[in-house]
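Keep the structure open as you read.

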Amino acid sequence: MAHTGWRDAPDLPDFSLLKRLARDQLIYLLEQLPGKKDLFIEADLMSPLDRIANVTTLKQHEVDKLYKVEHKPIVSTSDQLCFLIRPRVQTVKWVCDIVNADKAVGRFRRYKIIFTPQKFYVCETILEEQGVYGDVTTDEWAFYLLPLDDDIISMELPEFFRDNFLEGDQRWVTTAGSALHLLHTLYGPFNKVYGIGRCAKMAYESWRELLEEGEQKSQKPDIGNVFLIDRDVDFVTPLCSQVVYEGLVDDIFRIKCGSVEFGPDVTSSDKSIKVMLNSQDKVFNEIRNEHFSNVFGFLSQKARNLQTAYDKRRGMDIKEMKTFVSEELKGLKQEHRLLSLHIGASESMMKKKTKQDFQELLKTEHSLLEGFEVRECIAFIEEHINRQVSMIESLRLLCLLSITENGLLPKDYRSLKAQFLQSYGIEHLLTFANLRQLGILVEQQPGETLTVMESKVGKLVNDRTAGKLTETFSSLAKKSNFRALSKRLTLVPKSDEEYDLRVPKDMAYIFSGAYVPLSCKLIEQVLERDGWMGLEEVTRMINGHEFAVTAGSNGGEARVKTDAQRIILVMFLGGCTYSEIAALRFLGKEKGLKFIVVTTAITNSGRMLEALLDH
């Protein structure tokens, strides 16, 4: 495979402690309701809970039956009901309905609500309004962080993105601050904290408040530096098609809480198989960050190596065979099973992704990123919409066009919007309103096309000349901040050079050499410069709320970087893609660093846009 000759990076901290803490706290909370009880679990908590405490563990602590929260009357006959829920208004009202229904028929039960990751004031208000405040005990399960792999930790809060960036609801910011505080307590003290984005600034301030309230302990740090970044700093990256193996698996099969379900088309049988995707899977670990075009070559080589290992059995005497069976055979069988699954998954993806449509789609994306042949791109998007290929895909291309072109010309916006609504339904008018509010699908407004320089020049000359100037500059109207950022940070490599995906030279390989993710480029630049010095123009274009703070001191750090300082924790507020994780792993190997990615949720273009649908 590629990626050879990189400097050794330090070992990562052991994040299994986060799971143990979460499990112990949950058990403690369940034991606060002694005796047999039925447990109702919110649907989106079931997968994370399974990673923390399985059914056997729950049964050991007197949980009798498990139910999924379904917002309808319950069938439980238990005298004790426990609800493990998110702090959502609708779910709290449903619990109130259960309590009031029991009261109406004179039934007495004990009720306990465990809110996770925290309880909001509005939840207690609803309990009070519904007249059940005294009948229900409430608690908090401070389950902030779920390690999905050695270097990926998720807060499992997909609603963070819509609530914060669209609705302006900042209640989850304190949750992010608390998560940061937990990591600091267990693996800190951090040396430096860098950040960009309004939400990043608030999360940092929330964490500092917790730090000032708490007791300072001196301990040897496991993590040196921290980088906080808002999702709205870079919307382009999650809108691009993923072509690294792990990203493609997520786009097509949907990785949920670190595991994926492969159907009969992959397993070559009549049943589905659930597979954990992490570094323990040796086959997956070697291909996860690879461009998809390299994966088949690796898998076929792996199959040949495996066959050679099996063939060793020939000519063995009984003693050697006994050693082979006890020491090697089990591992080879496990590797064989995983290899056949990943070959099946790759074949399934090849059928879906090597069609001409996908090649045309990638070509269109690359043209938009480079700013070439924009009219042809618009024609492709129109055809995509009119053929009703995929609503989310059409929306993704529209958003990519808008961001890379600094908004659509009014006639293009009106035409594309009308065609979209005719194809996919008038109810998506609200979706367009959401996308406009977020600034990712907008119409250029008259006057917005003038640059600051044009406006100044216009004041110095007569109206007639200014009119001509405006016409001259109208071609620059499409020169967006993305174009300027792309030029300033060299986000789009020169297309006249052949890009070898087998031996990638930079992070652009994750998008076939067409684009370096802005989020990862910012992280690289800030770490190189040890701050934002020299990036003032970039942060102004992003409107960034950037900061760089020395949070603590590691003593005599001057000349030699300690292992901890070479471990960088990157927190994405609003979601992070597997492509970005692959890019950071590449950067880490290049620079002799290790990156730990903490994210509110794993996202991709589909999930991001689904969160903004409104009908």
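Is Phe 120 buried or exposed? Phe 120 is buried, because its relative accessible area is 10%; buried means under 20% and exposed over 50%, with a 1.4 Å probe on protein chains only. This is a predicted model, where local features need pLDDT of at least 70, side-chain atom pairs need 80 or more, and totals for chains, interfaces and linings use all residues. Residues are numbered from 1 along each chain as its sequence is written, and side-chain values use heavy atoms, without hydrogens or water.

The structure holds 21 aromatic pairs (Phe, Tyr or six-membered Trp rings with centres within 6.5 Å; planes under 30 degrees apart are stacked, over 60 edge-to-face, the rest tilted). Phe 120 and Trp 172 have ring centres 5.2 Å apart and planes at 70°, so this pair is edge-to-face. They lie 52 residues apart in the chain. Trp 172 is also buried, at 2%.

Helix α5 spans residues 121-129 (helices are DSSP runs of H or I, at least four residues; strands are E runs of at least two; both are numbered from the N terminus). Its Cys 123, Ile 126 and Leu 127 are buried. They share one side of α5, because they cover an arc of only 100° around the axis, taken from the directions from the axis to the C-beta atoms. The opposite face carries exposed Tyr 121, Glu 128 and Glu 129. The buried residues pack against α4, β4 and β5.

Now for confidence. Mean pLDDT, the predictor's confidence in each residue from 0 to 100, is 86 for the protein chain. Helix α21 is lowest, at a mean of 40. Where pLDDT is low, the predicted coordinates should not be read in detail.

Key
Contact means heavy atoms within 4.5 Å.
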